[in-house]
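The sequence and structure come first, followed by notes grouped by topic.

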Amino acid sequence: MSPDFSQPWVSNVCYHVFLLSHYNGSYLEKPEEERQKYGVHPTSLESDCLKKSNWGFLFTGIIGGALVTVYAVATPFITPALRKVCLPFVPATSKQIENVVKMLQHRRGSLVDIGSGDGRIVIAAAKEGFPAVGYELNPWLVWYSRYRAWREGVHGSAKFYISDLWKVTFAQYSNVVIFGVPQMMPQLERKLERELEDGARVIACRFPFPHWTPQHTAGEGIDTVWVYDMGTFRGRRRRA
């Protein structure tokens, strides 16, 4: 087995063996001051090694802590992209919020935002007097939404929960807002049709539902919202 030269005591032993062999033992007979002419004092070597070791541990700790922090923050944002149906976080524009609020005029009852992101829709609805709830899978966004609701003074009527939308029942809500993606809309369409009452209103932002016919629309381009009244929609189906 070869010696571990990274250990300070191994380096010191080898150092002295070298001096003994090179100077035929005369090294040990010389006074301390004269011995120091031949190299660095052993205690100095130990001190340098200790300092380097401490700096190494500190550097490793900093890098490790930074990697853990990045992992903890990034994972909730990356994980949705790995799901079968990806619902990425894209903040609502001010015009989208304005269109949603416009389509909520003269409406009553509770409101839910499916995939509430940073809470903009829920907070805007709470300011209009709605008891509003947001469901979001990303815990960082939920905590930030709660902070924003507190800062805006509507934390009593704006609530946020960490949950998967497919595991939540929406039967108790009169107004449903969804910023969806095309891949999820057919499945969500079936879920809402099973669960919502006739008096419920669904507001879809960015993408419409594939099979429903909207009763109203507002805005244009990415700011367009489609409004579906469940009672009117079901009544048309029955007559057809």
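The model is predicted. The protein has 240 residues, of which 37% count as buried, and its secondary structure comes to 9 helices and 7 strands.

**Overall**
- Of the contacts between residues at least 6 apart in sequence, 61% join residues at least 24 apart.

**Helices H6 and H7**
- Helix H6 spans residues 120-127 and helix H7 spans residues 139-152; their axes lie 10 Å apart at an angle of about 25 degrees.
- Because angles under 35 degrees count as roughly parallel, H6 is roughly parallel to H7.
- The crossing of H6 past H7 is right-handed.
- H6 contributes Arg120, Ile123 and Lys127 to the contact, and H7 contributes Ser145, Arg148, Ala149 and Glu152.
- Sorted by class, this contact of H6 with H7 holds 4 charged, 2 nonpolar and 1 polar residues.

**Helix H5**
- Helix H5 covers residues 94-103, and its buried residues are Gln96, Ile97, Asn99, Val100 and Met103.
- These residues lie on the same side of H5, because the arc they cover around the axis is only 160 degrees.
- An α-helix has 3.6 residues a turn, so residues three or four places apart point the same way.

Conventions: Residues are numbered from 1 along each chain as its sequence is written. This is a predicted model: local features need pLDDT of at least 70, side-chain atom pairs count only at pLDDT 80 or more; totals for chains, interfaces and linings use all residues. Side-chain values use heavy atoms; hydrogens and water are left out. Axes are lines fitted to C-alpha atoms, for helices over the stretch in contact, and angles run from 0 to 180 degrees between N-to-C directions. Helices (H or I, at least four residues) and strands (E, at least two) are DSSP runs, numbered from the N terminus. Angles under 35 degrees count as roughly parallel, over 145 as roughly antiparallel, 65 to 115 as roughly perpendicular and the rest as oblique. A crossing is left-handed if the near helix is turned anticlockwise from the far one by less than a right angle, and right-handed if clockwise. Contact means heavy atoms within 4.5 Å. Ala, Val, Leu, Ile, Met, Phe, Trp, Tyr, Cys and Pro count as nonpolar, Asp, Glu, Lys and Arg as charged, and the others, Gly among them, as polar. Buried means under 20% relative accessible area, exposed over 50%, partly exposed in between (1.4 Å probe, protein chains only). The arc is that of the directions from the helix axis to the C-beta atoms.
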